[in-house]
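Here is a short report for a first look at a protein model. Keep the sequence and the structure in view while reading.

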Amino acid sequence: MTAVSQTVDFSVEDGVGVITIDSPPVNALSSHVRDGLFEGMKAAIADDAVKSVVIICAGRTFIAGADISEFGGAQKGASLFDAQEAIENSTKPVVAAIHGTALGGGLEVALTAHFRVAIASARFGLPEVNLGLLPGAGGTQRLPRVVGAEQALHMMTSGAQIGTKEALASGLIEEVVDDLRAGAIAFAQKVVAEGRALTRIRDNDEKLKSARENASLFSDFRAKNARKFRGFDAPEANIKCIEAAVNLPFDEGIKVEREEFGKLMTGVQSAAQRYFFFAERQAQKIPDVPKDTPKRDIKSVGIIGGGTMGGGIAMNFANVGIPVTLVEVKADALERGLGIIRKNYENTAKKGRITEAQVEERMALISGTLEFSDLADKDLVIEAVFESMDLKKDIFKRLDDTLKPGAILASNTSALDLNEIASVTSRPEDVIGLHFFSPANVMRLLEVVRGDKTGKDVIATSMALGKKIGKAPVLSGVCPGFIGNRILFQRQAQAQKMIMQGPLPQDVDGALTNFGFPMGPFQMSDLAGLDIGWNKEKSNGETLRDVLCERDRRGQKTGKGYYDYDENRKPIPSDEVAEVIRDFAAKSNLPQVTLTEEEILKRLLYPMVNEAAKILQEGIAIRPSDVDVVWVYGYGWPRYWGGPCFWADVIGVDKIVAELEVLAKEEGAVWEPADLLKDLAAKGQGFKDFAAG
Ligand code: CAA
């Protein structure tokens with residue numbers, strides 16, 4: 001075996017040259033991997049004993065793509081194109097041997113090989129769109145030539161992966177093998193023995209014919225997905241490249257790919273999305289809770305409260321095979337809760353995402369009880385009742401009396417003081433916050449709230465468990481609202497205040513949806529219902545909400561709220577609401593202002609950035625990127641803007657501080673910039689330079 005680069009070896013086995021990449025963790029195409037591929041191919045061509053070549057990876061996966069951490073830096077060593085050309089134009093057959101995930105540049109390398117074999121569990125995809133990019137190493141031209149334009153459109157604009165069954169059916173792979181190395185070598189020998197022709201994917205456009213005959217393929221696809229792609233640049237760039245694959249010769253298509261790739265790569269959207277990729281992974285790392293911290297075994301879970309939240313939480317555990325017991329106080333509430341869970345699963349099955357058998361398997365893992373004592377042997381119990389400190393304290397006292405030693409006692413509180421809750425137990429080290437977001441079976445964010453006394457093993461267990469159930473866990477310290485809601489409160493306060501100063505709900509919501517949020521605060525209120533927490537008997541018309549609820553404008557459920565709604569639930573600005581607001585505004589002493597959309601946005605987003613800075617300076621969040629993960633996954637901050645801290649750096653922290661100071665002079669201390677923001681601005685820095693401590 002010869003090392004052809006720092007991470008790539010070359011050996012010859014029974015006439016087959018084997019290029020082995022061993023670059024943990026995911027064999028990404030770092031400069032030494034590209035060098036190794038290039039040099040390995042040279043060695044194979046030069047060696048007369050080599051009749052065919054196998055490219056294979058050690059470790060958990062085939063090449064999982066370009067090395068994202070190298071993007072933006074100067075290129076070192078062989079380019080990916082050099083390596084791909086050496087493979088594709090090789091006079092000796094090249095076989096890519098695939099296990100794990102062949103993603104992005106990894107799949108693009110495999111597509112330049114003459115043949116591909118894989119083990120049954122392998123998966124294939126071009127996920128660049130999720131990084132705000134497109135497959136820039138010929139993938140946009142080669143994949144459609146293998147799987148057809150329709151399937152390529154789906155895969156490249158969603159990043160969806162396919163398994164070996166589909167890959168085999170479409171011709172993406174030639175064979176499924178049991179033992180990857182032995183199977184690939186045997187396949188390479190067979191190809192030589194049979195004298196098979198060395199077909200290059202680039203030369204065969206048979207699969208593009210149907211797309212050429214379908215004049216409306218691309219316009220239909222754009223129209224169908226317009227909502228999903230709204231605001232993102234990368235999906236459209238991917239579509240353009242597939243269109244080029246269909247309509248232009250290969251080399252012309254490659255030119256389009258390079259041009260579109262260049263535009264995306266230098267744009268802010270891709271920078272944000274690549275930042276976010278690492279942000280999500282960084283959030284798993286907790287400085288004082290090392291990776292090897294012992295974890296507790298969670299084999300059974302109890303949930304107190306079978307409402308929408310409790311039921312949604314339960315589904316997460318059943319989905320990964322962990323049995324869950326739901327506790328309710330009344331039989332009819334329990335029945336209703338279990339019924340809603342079943343309905344949710346059945347709806348998912350109707351959409352084809354799970355099978356009927358899986359619905360039954362998952363339901364079999366969820367049981368209901370009215371007996372608190374049934375929780376005694378659970379490894380983890382999550383309290384998910386409404387936000388009352390007294391009620392929560394009462395429940396935690398009972399949990400302390402009931403649960404076995406070593407169990408984790410978790411609260412799903414969204415804003416209450418976890419330390420106070422923990423203080424009623426004899427084991428505050430076992431108490432943690434697990435704040436799920438509604439709908440809890442769908443939303444990716446999980447705020448893991450660390451109390452003053454929470455044990456490190458409890459934190460490590462909760463973070464790992466969050467990942468296991470498919471969430472993006474982020475650690476927060478204790479403060480009212482934790483990371484997410486504390487920032488939301490600031491935005492809400494400004495939104496409510498602003499409509500008393502001139503702009504209307506549709507102006508505020510419009511500014512946020514144009515920025516990229518799925519909806520604004522008033523649309524959100526209408527969806528949730530304005531009457532949550534409103535009391536008809538006590539209502540006396542003193543607040544805007546009182547008046548709207550009294551007029552039966554309680555949101556979408558009554559057909560009107562801040563907006564009127566048509567039969568398709570389309571919000572229509574309401575003259576009646578505008579008038580009510582004008583009456584309230586006249587009574588308020590707030591200055592009336594005329595604001596552009598940009599100014600509205602500043603008044604909503606700058607306070608969020610300011611609060612994020614306070615959260616960081618108080619040590620509630622570990623790092624700015626954690627705040628960004630919370631806001632992207634929990635509140636729909638557009639991923640192409642990275643999150644409030646990333647966005648603030650794009651705008652410039654110094655500029656934000658200057659504008660906050662002006663607003664503080666005009667409208668008071670609420671606009672006063674946080675010390676951390678002032679400090680960063682004074683040093684000419686941004687959140688990216690923040691160092692905790
Ligand atoms: N570049 C650099 N680092 C990468 C990487 C990549 N392409 N993919 C993963 N990593 C790193 C992660 O940051 C992580 O590092 P830490 O342990 O330090 O946090 C480590 O590898 C393990 O990753 P995961 O925690 O995500 O491990 P997993 O087993 O859950 O998932 C995976 C593995 C499916 C490969 C997942 O990491 C993934 O989806 N990676 C990105 C794949 C991708 O987007 N490829 C396209 C790249 S762009 C491209 O290829 C452009 C082109 O056309 C040339």
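## Lys-76 and its loop

Lys-76 touches Ser-31 and Arg-34, leaving out residues up to four places away in sequence. Contact here means heavy atoms within 4.5 Å. Lys-76 sits in the loop between strand 4 (52–57) and helix 2 (80–88). Helices (H or I, at least four residues) and strands (E, at least two) are DSSP runs, numbered from the N terminus.

Is Lys-76 buried or exposed? Its relative accessibility is 56%, so Lys-76 counts as exposed. The classes are buried (under 20% relative accessible area), exposed (over 50%) and partly exposed (in between), with a 1.4 Å probe and protein chains only. Lys-76 and Lys-240 are 164 residues apart along the chain, and their C-alpha atoms are separated by 30 Å.

## Basis of the model

This is a predicted model, in which local features need pLDDT of at least 70, side-chain atom pairs count only at pLDDT 80 or more, and totals for chains, interfaces and linings use all residues. Residues are numbered from 1 along each chain as its sequence is written, and side-chain values use heavy atoms, with hydrogens and water left out.

## The whole protein

The protein has 28 helices and 20 strands. Its C-alpha trace spans about 90 × 60 × 55 Å along the principal axes. A compact globule of 693 residues would have a radius of gyration near 26 Å; the protein has 28 Å, which agrees. That radius is taken over C-alpha atoms, and the globule rule is 2.2 Å times the number of residues to the power 0.38.

Of the 693 residues, 54% count as buried. Among contacts with a separation of 6 or more, 71% come from residues 24 or more positions apart. The protein exposes about 29,800 Å², and carbon and sulfur atoms supply 52% of that area. Accessible areas come from the Shrake-Rupley method with a 1.4 Å probe; for residues, only the protein chains shown count as cover.

The protein carries 82 positive and 96 negative charges, and their mean positions are 1 Å apart. Lys and Arg count as positive, Asp and Glu as negative; His and the chain ends are not counted. Each charge is placed at NZ of Lys, CZ of Arg, CG of Asp or CD of Glu.

Helix 10 covers residues 234–247. Its 14 residues should span 20 Å at 1.5 Å a residue, and its end C-alpha atoms are 20 Å apart, which agrees. The expected span is 1.5 Å times one less than the number of residues. Helix 10 is largely enclosed by the rest of the structure, because 10 of its 14 residues are buried. Among them are Ala-234, Pro-235, Ile-239 and Cys-241. What do the buried residues of helix 10 pack against? Their partners include helix 4 (139–147), helix 9 (217–229) and helix 12 (268–282).

Helix 1 has 16 residues and should span 22 Å; its end C-alpha atoms are 22 Å apart, which agrees. Its buried residues include Ser-31 and Arg-34, both of which Lys-76 touches.

## Backbone exceptions

Most residues other than glycine have a negative phi, and most peptide bonds are trans. Where are the cis bonds noted here? One joins Pro-24 and Pro-25, with omega about 0 degrees. Pro-25 is in the loop between strand 3 (16–21) and helix 1 (31–46). Another cis bond joins Ser-438 and Pro-439, with omega about -5 degrees. Pro-439 is in the loop between strand 16 (431–436) and strand 17 (445–449).

Phe-482 has a positive phi, near 50 degrees. This residue is in helix 19 (residues 482–498). Phe-482 is buried, with a relative accessible area of 0%. Asp-552 also has a positive phi, about 65 degrees. Asp-552 is in the loop between helix 22 (544–550) and strand 19 (563–565). Its relative accessible area is 36%, so Asp-552 is partly exposed.

## Two further sites

Thr-20 is in strand 3. At 15% relative accessibility, Thr-20 counts as buried. Its contacts beyond four places in sequence include Thr-7, Asp-9, Ile-56 and Arg-181.

Glu-371 is in the loop between strand 13 (366–369) and strand 14 (380–383). At 46% relative accessibility, Glu-371 counts as partly exposed. Glu-371 and Val-329 are 42 residues apart in sequence and 8.1 Å apart in space, C-alpha to C-alpha.
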